Amino acid sequence: MSILIRGGRIVTAADDFVADALVEGEQVALIGADLDVPADRTIEATGKYVLPGCIDPHTHLDMPFGGTVTIDDFESGQGSAACGGTTCHVDFCIQGRGQTFAQALAGWQAKANGKTLIDYGFHIAVTDLDDGGTLEELARLPEQGITSYKLFMAYKGVLQVDDETLFRAMQVAAASGALVMVHAENGDAIDVLVREALSQGHTEPIYHALTRPPELEGEATNRAIQLARIAGSPLYVVHVTCREAVEPIRRAREQGWDVWGETCTQYFFRSIDDLAQPGFEGAKYVYSPPARDAANHDVLWDAVRTDALSAISTDHCAFLWDGQKTLGQDDFTKIPNGGPGLEDRLKMIHHFGVREGRISLNRMVDLLATQPAKLFGLYPRKGTIAVGSDADLVVWETGGRRTVRDEDLFSRAGHSVYRGRELRAWPAITVRRGEIVFEDGKIVAAAGTGRPVPRGRTERP
């Protein structure tokens, strides 16, 4: 199958020019002006952007959590991604207690089999180095294309590891070339604050945020950075929400340390005030770390503009409002943490980031495609538009107006945390490895056509 995309404005992290792009099979074969070549399909892209397919390095599909399972499996979650211009993601394989890493990965791969629409990889989330995986097994994972380890510094009694386990994993990463990722909140202090709140009868969603203050995110972020420095390990801090966490990352990067951070789309738009909405409505905005004071919105825009933070992910972790989020109706600790986001990331960052002058178009591509590809061992196969790269492309419509509506979403969550936002641009066509996956508002590819992608080691952006 060959596709000629004619006359589009091709935008990468470094370039911005009008040209044609020829796709042959699964790769970009030729880029140039007024190409006179035959093709099975011609897409007229005059007046439209042609962007690299976005990469989301932080998703949770078909994941057990809090007595339930995220509502989006690999088919609905990846369909949602394709609708939003994402052509590859890296999901978290959570090691269960007593499981080896091989057993955990086999279980997560089984969840994906026959359901995939875009390409994907896995991070391994390390939860048990006592009765489950071993340091030796962890060290071998990069040889299998699993080049990132995640450790939780929060969720005490469930996912949280102690500092010894974190440090030992960092030492392994220093030797194996893997990238350590951390969920940085001080879980021990949070546990104390949660128990105090419940003992005082505070059960509303707002207490999810009040018991996880930004200082505890900042403390854990700094602790992880210092431990990684001693261990000699590269470090990637996930879902950064506030100045208290941005600043230690910025300082480390200014000193040339191998430290990176991401934030997520929702933290630019939601605030702690959303969790205080009446009628349990605030539960829709319960995720961890929680949304912060709105003053942090500008902090985060500045951080992604100046490369204090290097990527924007979604932390897509979707639950139904009725029957899942409502499990915590009488106790905020039982509200499943997370929300949908794969479908809206590119649209929201383009409109409120690029159109409103907070970041450049090239920087948007860098944050959503190129830097994630480099950090997670996918570049230059993915994350850019170049001859020989995978033909992961988004043709981006820039005319008219659309409003984010719950009923338009492909995700099974049934709601968007950006409902009511008016946008001026959106994906028209999404191409994954030379196959059109999304067009005319519909998924047009068959489930099972996405592939696992073995990843290399981090390329220092």
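This is a predicted model: local features need pLDDT of at least 70, side-chain atom pairs count only at pLDDT 80 or more; totals for chains, interfaces and linings use all residues.

The remaining points are grouped by topic.

*Positive phi angles*
- H239 is located in the loop between β13 (235-237) and α8 (243-254).
- Y155, likewise not a glycine, has a positive phi of about 65°.
- The loop between β11 (148-152) and α4 (163-176) contains Y155.
- Y155 counts as buried because its relative accessibility is 17%, and buried means under 20%.

*Cis peptide bonds*
- S288 and P289 are joined by a cis peptide bond with omega near -5°; P289 lies in the loop between β14 (259-264) and α9 (296-306).
- The bond from Y379 to P380 is cis, with omega about 5°, and P380 belongs to the loop between α11 (361-375) and β16 (393-397).

*Cavities*
- The model contains three cavities of 30 Å³ or more.
- The largest cavity has a volume of about 140 Å³. It is lined by 16 residues, of which H60, Y155, D315, C317 and N337 are the closest to its centre.
- Seven nonpolar, seven polar and two charged residues make up the lining of the largest cavity.
- The second largest cavity holds about 50 Å³ of space; its lining includes S80, H316, E343, D344 and H415.
- By class, the lining of the second largest cavity comprises four nonpolar, six polar and two charged residues.

How values were computed
Residues are numbered from 1 along each chain as its sequence is written. Side-chain values use heavy atoms; hydrogens and water are left out. On a 1 Å grid over the protein atoms alone, a cavity is a set of points where a 1.4 Å probe fits but cannot get out, and a pocket is an open set with protein on both sides within 12 Å along at least five of seven lines; lining residues have an atom within 4 Å of a point. Grid points are joined across faces, edges and corners, and a volume is the space filled by probe spheres set on the points. Ala, Val, Leu, Ile, Met, Phe, Trp, Tyr, Cys and Pro count as nonpolar, Asp, Glu, Lys and Arg as charged, and the others, Gly among them, as polar. Helices (H or I, at least four residues) and strands (E, at least two) are DSSP runs, numbered from the N terminus. Buried means under 20% relative accessible area, exposed over 50%, partly exposed in between (1.4 Å probe, protein chains only).
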